[in-house]
Amino acid sequence: MGINFTGLHPSLTSFMDNRQEVSPVMLGPDYNHTMETPASFLLVGIPGLQSSHLWLAISPSAMHIIALLGNILIVTAIWMDSTLHEPMYCFLCFLAAVDIVMASLVVSKMVRIFCSGDSSISFSACFIQTCFVHLATAVETGLLLTMAFDCYIAICKPLHYKRILMPQVMLGMSMAITIRAITAMTPLSWMVNHLPFCGSNVVLHSYCEHIALARLACADPVPSSLYSLIGSSIMVGSDVAFIAASYILIIRAVFGLSSKTAQLKALSTCGSYVGVMALYYLPGMASTYVAWLGQDVVPLHTQVLLADLYMIIPATSNPIIYGMRTKQLLEGIWSYLMHFLFDHSNLGS
């Protein structure tokens with residue numbers, strides 16, 4: 001029995017209508033239709049801006065290199081330097097590892113589309129991309145919450161820091177973040193994987209984004225898309241609320257310090273966290289809700305550009321902000337680089 005969507009919010013109606021607003025025929029003769037589940041999909045890139053892909057590739061390519069190298073340096077430096085085996089750096093290492101996989105699985109393919117027009121992606125690879133994007137975003141928002149909690153303990157309860165954030169507690173928090181992400185995203189992954197694709201295999205996006213794929217389905221895409229919207233809103237909304245509460249308490253504690261130097265140092269540390277969170281949450285939520293508004297409100301190329309920025313900016317900005325703003329981490333990275341370069345130069349000579 002079908003589901004009657006009469007009387008739903010206009011955004012749902014717009015979403016359903018959107019599926020037919022852009023015809024793949026307009027994208028060129030290379031894009032065709034299949035009559036069964038396709039073995040592969042064709043990623044358009046940025047619809048309407050295909051002629052400018054080579055120019056648009058410059059920034060994503062540079063940011064992709066920075067994201068990979070920067071996050072690899074962070075993970076390696078923290079792993080190699082025992083003085084960095086503290087809660088804040090362990091959570092940062094986890095965050096950098098997620099960004100490395102994100103850059104490798106999603107951003108690298110995006111850059112290849114822009115640079116060489118390599119738009120084909122297998123059905124299984126596309127499904128893996130979609131699942132990982134959902135899982136990674138859920139893990140990252142949990143990590144940002146734990147890092148805010150770490151900052152709160154470090155500033156508001158410094159004498160109890162090591163007693164509260166013991167290794168067992170850190171491991172438990174990391175496991176809770178991962179389990180929450182898997183629990184929340186497994187139903188969505190199941191729904192996406194079981195959508196029947198018997199029409200167009202042209203994905204009007206730069207990567208296998210969930211709503212772009214759902215619009216190609218021969219079945220009603222609203223249930224999975226609605227689950228994605230409500231689930232992400234609840235998860236991100238609750239995390240942001242707890243993060244905001246943490247920083248309100250942190251700011252109160254900072255301005256209670258007698259030393260101006262201590263105040264500035266604490267505010268500088270917190271500022272790094274806030275910057276990372278703004279660069280993560282603002283493009284992410286903007287991308288999510290803009291996709292639901294439809295092309296009548298926001299052009300399709302703008303929707304795709306927002307989603308692409310959400311994939312690239314956090315992974316690129318995290319190593320820059322943390323590496324440049326955290327003195328101990330910067331020293332650890334520099335020490336590792338010197339050790340690596342000089343050891344290899346000595347071996348070569």
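Tutor: Two strands pair if DSSP finds at least two bridges between them; strands (E, at least two residues) and helices (H or I, at least four) are DSSP runs, numbered from the N terminus. Heads-up, this is a predicted model: local features need pLDDT of at least 70, side-chain atom pairs count only at pLDDT 80 or more, and totals for chains, interfaces and linings use all residues. Residues are numbered from 1 along each chain as its sequence is written, and side-chain values use heavy atoms, leaving out hydrogens and water.

Student: What's the strand order in the open sheet of three strands?

Tutor: β2 (120–122) and β3 (202–203) are the edge strands, each pairing on one side only. Pairing is mixed, and the order reads β2-β1-β3.

Student: Which residue in β3 is the bridge partner of Leu42?

Tutor: β1 (residues 40–43) pairs with β3 in the parallel sense, over two bridges. In β3, Leu42's partner is Val202.

Student: What angle does the direction of α5 make with that of β2?

Tutor: Helix α5 (residues 123–156) packs on the sheet, touching β1 and β2 (contact means heavy atoms within 4.5 Å). With axes fitted to C-alpha atoms, for helices over the stretch in contact, and angles running from 0 to 180 degrees between N-to-C directions, the value is about 85°.

Student: How far apart are the end C-alpha atoms of α3?

Tutor: Helix α3 (residues 58–80) has 23 residues, and the expected span is 1.5 Å times one less than the number of residues.
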